[in-house]
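Look at the structure first, then read the points below.

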Amino acid sequence: MKVSALPTVKLPSGESVPQLGQGTWHMGESARVRKDEIAALKLGLDLGLTLIDTAEMYGNGGAEEIVAESVAGRREECFIVSKVLPENATRAGTIAACGRSLKRLKTDRIDLYLLHWRGGPKLEETLAGFEALIASGAIRYWGVSNFDVDDMEELFRLAGGASCATNQVLYNLRRRGIEAGLLPWCRKHAIPIMAYSPFEQGRLLRDRTLTAVAIRHRATTAQIALAWVLRQADMMVIPKSSTEAHVQENRAALDIELSAQDLAELAKTFPPPKERRPLELL
Ligand SMILES: NC(=O)c1ccc[n+]([C@@H]2O[C@H](COP(=O)([O-])OP(=O)(O)OC[C@H]3O[C@@H](n4cnc5c(N)ncnc54)[C@H](OP(=O)(O)O)[C@@H]3O)[C@@H](O)[C@H]2O)c1
């Protein structure tokens, strides 16, 4: 099997991270599948998928513990993303939440720490927490998630707000809304997008057009859905899988190049937005 080199995306700092990473939502929720989750994440690391996305919310901290076990002995290879819940995102609350995440992750630093979505506390508060965490070395970069254009503009008006390293948002064939507003805004301001739920949590994968394109490529529908996001070289994407065969498949999606015909057929079934619309969440 031909295995392509793993493409990278540059963060605003100039540091490169793998374009294809691994999500962890719903991991750490059940002891029954714990071994499979760890095995899948470890295999992903072996295949170069060293960008791992987690959050204090996932499995109530359980997903961070799964990540800790998966990266044990190879922390230096990994780029760990975690997130603070909005209800914790005051200055002091952000610092405390990060401390708890570090403990569960069994590490001394989170590479990229995101505000999971906008909530109660003022953005200035969260930013002050992020800045204190950067100063102490507990996190290396900070960013946001589920921020629409208005939120990004508000963030950029704050002192230090433009130091944001990414905006993690829902993006897949069925959820193309960001193409009409947020994506061009982020490109203009050199903020890379990290796309979540590339398979719409699996619901996308039985589509007939995707199936037809997949047959042409002797690929799976998951691989076509991923290749469709991956063709945008400035975008990171973080599919979740607890199944080793799926991790292999997802890694191999990097070898698929969609043709103009494929893209045209997909655009007919999944049309791009005609006008700006509010950001969708999952
Ligand atoms: N910031 C946010 O608000 C936010 C929101 C949602 C998600 N996220 C992040 O993004 C990650 C990915 O999104 P997601 O978990 O919502 O959904 P997703 O990645 O779109 O889909 C995950 C589902 O697809 C299945 N799957 C994975 N690879 C497959 C393959 N090759 N063939 C068939 N099925 C496959 C998985 O099953 P198996 O496990 O059996 O492979 C799982 O059921 C999350 O885990 C999380 O880290 C962030």
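The axes of helix α8 (residues 221–230) and helix α9 come within 8 Å and cross at roughly 40°. Axes are lines fitted to C-alpha atoms, for helices over the stretch in contact, with angles from 0 to 180 degrees between N-to-C directions.

This is a predicted model: local features need pLDDT of at least 70, side-chain atom pairs need 80 or more, and totals for chains, interfaces and linings use all residues. Residues are numbered from 1 along each chain as its sequence is written.

**The helix contact**
- Ala222, Gln223 and Leu226 in α8 meet Glu249, Asn250 and Ala252 in α9 (contact: C-beta atoms, placed from the backbone, within 7 Å).
- The residues of this contact of α8 with α9 are three nonpolar, two polar and one charged (nonpolar: Ala, Val, Leu, Ile, Met, Phe, Trp, Tyr, Cys and Pro; charged: Asp, Glu, Lys and Arg; polar: the others, Gly among them).

**Around the ligand**
- Gly23, Trp25, Tyr196, Lys240 and Ser241 come nearest among the 28 residues around the ligand (near: C-beta atom, placed from the backbone, within 6 Å).
- Helix α9 (residues 244–252) gives the largest share of this shell, three residues.
- The shell holds nine nonpolar, 15 polar and four charged residues.

**The whole chain**
- The chain has 10 helices and nine strands (DSSP runs numbered from the N terminus: helices H or I, at least four residues; strands E, at least two).
- The C-alpha trace spans about 55 × 45 × 30 Å along its principal axes.

Terms used:
Two residues are in contact if their C-beta atoms, placed from the backbone, lie within 7 Å.
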